[in-house]
Amino acid sequence: MTDERVKKKYSFGIYEKAMPPWLDMGEKLQVAARHGYDFMELSIDESDEKLARLTTPASWRRELLGLVQDTGVAIPTICLSGHRKYPLGSAAPALRARGMEIMEAAIRLAAELGIRIIQIAGYDVYYEPSTPETRALFAENLVRSVEYAARFGVCLAFETMETAFMDNVEKALKFVTSIDSPYLQLYPDVGNVTNTFRGNGPMVVQDLRRGKGHIVAVHLKETEPGIFREVPYGQGHVDFDACIAETARQGVRIFTSEFWFSPDSDWDTEIGKAHAFLHRKLERAFAGELR
């Protein structure tokens, strides 16, 4: 780790899926390093390719740790979105059981790689109707998941989503306070929260403020009304200045730029633009210029 990174007051990362899928892990970490990111957030989504990472041999994990050392780019977080397909609250027992297998395997993977935070999706279900039964099953399996994570010292943290079940910090916080464990916290997506409150900046900040003491990291994603993905930074309605300033005041120090690779764009240029846009705002916030 460079002296410059040690002196920084925050850590700024990039979501793995902002980069082309054909790059190998070493190349992705090199891209992140070249653009000035401190870390890369590992993706475990619902695809068979990403889920296979949960059962990789020890050699793959050793190689990944070596790449982290070689590039100086950390992997401190996982975005675990595989539960869209295998939700913890599914009415189908087989899907629910697979969801718990994925959760436990992701926790073990995190522990082996030294990953501290797993961002978990705030869905009881995704591809099936949400019912009182699915919500109760989700809550039951969430307790089991947190107990398992505690054994390994890995923190699970809710992402605020685009569905009504958990589309803001206040809703996620109810689960956090109910379980009352240091191993269940919040990792909100400011783009999703902004859409929840229809672009009302003061309401977004108020919602983030409710999570004080429980927010361990923040996803910095741009959105437009009703549009949750692939909105270029600066072309949506997220007040990044206000969101960063509020969470920085709370003591949050981990921020991740969340956007996706598009085959129709100059992906390397887009990564550079995203870093420049958010880095300026982070620097201003931590210099005390944003209030």
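**Cavities, a pocket and selected residues in a predicted model**

The second largest cavity is lined by Thr194, Gly199, Asn200, Gly201, Val204, Val205, His237, Val238, Asp239, Ala242 and Cys243. The structure is a predicted model. The volume of this second largest cavity is about 40 Å³. Two helices, helix 9 and helix 10 (240-250), each give at least two residues to its lining. Helix 9 supplies the largest share, with 3 residues. By class, the lining of the second largest cavity holds 5 nonpolar, 5 polar and 1 charged residues.

A search of the whole structure found 2 cavities of 30 Å³ or more. The largest cavity has a volume of about 60 Å³. Its lining is formed by His83, Arg84, Leu88, Met103, Ile120, Ala121, Tyr123 and Phe138. Of these residues, 6 are nonpolar, 1 is polar and 1 is charged. Arg84 is the charged residue, since Arg counts as charged.

Pockets, unlike cavities, are open. The second largest pocket has a volume of about 380 Å³. Its lining comprises 20 residues. Val231, Pro232, Tyr233, Phe259 and Glu270 lie nearest the centre of this pocket. The lining of the second largest pocket is made up of 10 nonpolar, 3 polar and 7 charged residues.

The overall form of the chain was examined next. The secondary structure consists of 11 helices and 8 strands. The C-alpha trace spans about 50 × 45 × 40 Å along its principal axes. For 291 residues, a compact globule would have a radius of gyration near 19 Å. The chain has 18 Å, so its value agrees with that of a compact globule. Of the 291 residues, 54% count as buried. The chain exposes about 12,700 Å², and carbon and sulfur atoms supply 51% of this area. Contacts between residues at least 6 apart in sequence were also considered. Of these contacts, 76% join residues at least 24 apart.

Backbone angles were then considered. Most residues other than glycine have a negative phi. Aspartate 180 is not a glycine, yet its phi is positive, at about 55°. This aspartate lies in the loop between helix 7 (169-179) and strand 6 (184-186). Aspartate 180 has a relative accessible area of 64%, so it counts as exposed, the cut-off being over 50%. Arginine 198 also has a positive phi, of about 55°, although it is not a glycine. Its place is the loop between helix 8 (190-196) and helix 9 (201-210). With a relative accessible area of 76%, arginine 198 is exposed.

Threonine 196 belongs to helix 8. The relative accessibility of threonine 196 is 21%, so this residue counts as partly exposed. The class covers values between the buried limit of 20% and the exposed limit of 50%. Beyond its neighbours within four places in sequence, threonine 196 is in contact with Asp167 and Asn168. Asparagine 168 is 28 residues away along the chain, and the two C-alpha atoms are separated by 6.9 Å.

Lysine 281 is part of helix 11 (residues 267-286). Its relative accessibility is 17%, so lysine 281 counts as buried, since buried means under 20%. Neighbours within four places in sequence aside, lysine 281 is in contact with Phe240, Asp241, Ile244 and Leu290. Leucine 184 is 97 residues from lysine 281 along the chain, and the C-alpha atoms of this pair are separated by 28 Å.

Key: Residues numbered from 1 in each chain as written. Predicted model: local features only at pLDDT ≥ 70, side-chain atom pairs only at ≥ 80, totals over all residues. Heavy atoms only, no water. 1 Å grid on protein atoms, 1.4 Å probe; cavity = no way out; pocket = protein on both sides within 12 Å on 5 of 7 lines; lining within 4 Å. Points joined across faces, edges and corners; volume = space filled by probe spheres on them. Helix = DSSP H or I, 4+ residues; strand = E, 2+ residues; numbered from the N terminus. Rg over C-alpha atoms; globule rule 2.2 N^0.38 Å. Buried < 20%, exposed > 50% of the residue type's maximum accessible area, 1.4 Å probe, protein only. Contact = heavy atoms within 4.5 Å. Areas by Shrake-Rupley, 256 points an atom, 1.4 Å probe, with all protein chains shown as cover.
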